[in-house]
Amino acid sequence: MKEQEKRYEKEPVLGSMGIWKTLCAFCMGTLAAGTAAYTFYRSFTAFMIFMIPACLYPGFYEKTWREKQRQKLEIQFKEAIQVMAGALSAGYSAENAVRVSCRELEQLYGPQSMIVGEFRHMVEQMNMNRSVEQVIREFADRSGLEEAGRFAQIFGIAKRSGGRLAPVICHTVAVMEDRSQVKEEIRTMTSSVRFEQKIMNLIPFFMILYIDMTSPGFFQIMYGTVMGRLVMSACLAVYIVSLVLSAKILKTPMA
């Protein structure tokens, strides 16, 4: 049992993508490699070369997936501490507040959600005479959420000092709500720009394919001569640099 607990403590909350998502990411990388090879070179050799970074794409995609999962868990955690604060204000002890929160979160997000699984584990650990401060701290460490770390620290100090938990936790929830609202406003304000970025990333391919379909042979010199291939290589390099720059400006993963 102790070995299982230690293994669980080290296991991150977000986990891994799984085989199916990894396979889908590989297929997306293969599609991107084929599109780039056809658009810029019309060469099977170029496609095989582009398959090298395409095979590494699932690793980059996993970072994007983890960030989305982290944002989802952050929203669920914010709701969880609001429920927990309400239970404390109603007169429940900290331990019972966690139990009540687990039941309410299960109705809100479903039994398979990340936050419900974590709160269910907290209840199991408390049933084995572990303190509520310890299980909350373990969740904060495993989740990697900045807000969870702050909450665990404040909760531990308030619990050890013997003060009234409800006002402290309610104030903490209010502060976290303000921070979360600012983050959400930033995401909302930049969502249209992020969408425009994705559209602009596809424009060069649409332009080349459109001209190629409406004027067959127009780009033949670009694929059949050394100078043409050099020019297309330079265009590809500029395109990749623009992708990197736009992603850094918007601070979004390239996916």
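Leaving aside neighbours within four places in sequence, glutamate 106 is in contact with Pro111, Val116 and Arg120, where contact means heavy atoms within 4.5 Å. Glutamate 106 sits in helix α4 (residues 94–109); helices here are DSSP runs of H or I with at least four residues, strands are runs of E with at least two, and both are numbered from the N terminus. With a relative accessible area of 34%, glutamate 106 is partly exposed, a class that lies between buried (under 20%) and exposed (over 50%), using a 1.4 Å probe and protein chains only. Tyrosine 57 is 49 residues away from glutamate 106 in sequence, and their C-alpha atoms are 35 Å apart in space.

A word on what you are looking at: this is a predicted model, in which local features need pLDDT of at least 70, side-chain atom pairs count only at pLDDT 80 or more, and totals for chains, interfaces and linings use all residues. Residues are numbered from 1 along each chain as its sequence is written, and side-chain values use heavy atoms, with hydrogens and water left out.

Now step back to the whole chain. The protein has 10 helices and zero strands. Its radius of gyration is 25 Å, whereas a compact globule of 255 residues would come near 18 Å; the radius is taken over C-alpha atoms, and the globule rule is 2.2 Å times the number of residues to the power 0.38. Along the principal axes, the C-alpha atoms fill a box of roughly 80 × 40 × 30 Å. Of the 255 residues, 36% are buried. Among contacts with a separation of 6 or more, 66% join residues 24 or more positions apart.

How far can you trust the model? The mean pLDDT, the predictor's confidence in each residue from 0 to 100, is 82 for the protein, and 91% of its residues reach 70 or more. Where pLDDT is low, the predicted coordinates should not be read in detail.

Finally, look inside. The largest cavity is lined by Phe77, Ile81, Met84, Val98, Phe119, Met122, Ile136 and Phe151; lining residues have an atom within 4 Å of a point on a 1 Å grid where a 1.4 Å probe fits but cannot get out. Helix α3 gives the largest share of this lining, three residues.

Note on methods:
1 Å grid on protein atoms, 1.4 Å probe; cavity = no way out; pocket = protein on both sides within 12 Å on 5 of 7 lines; lining within 4 Å.
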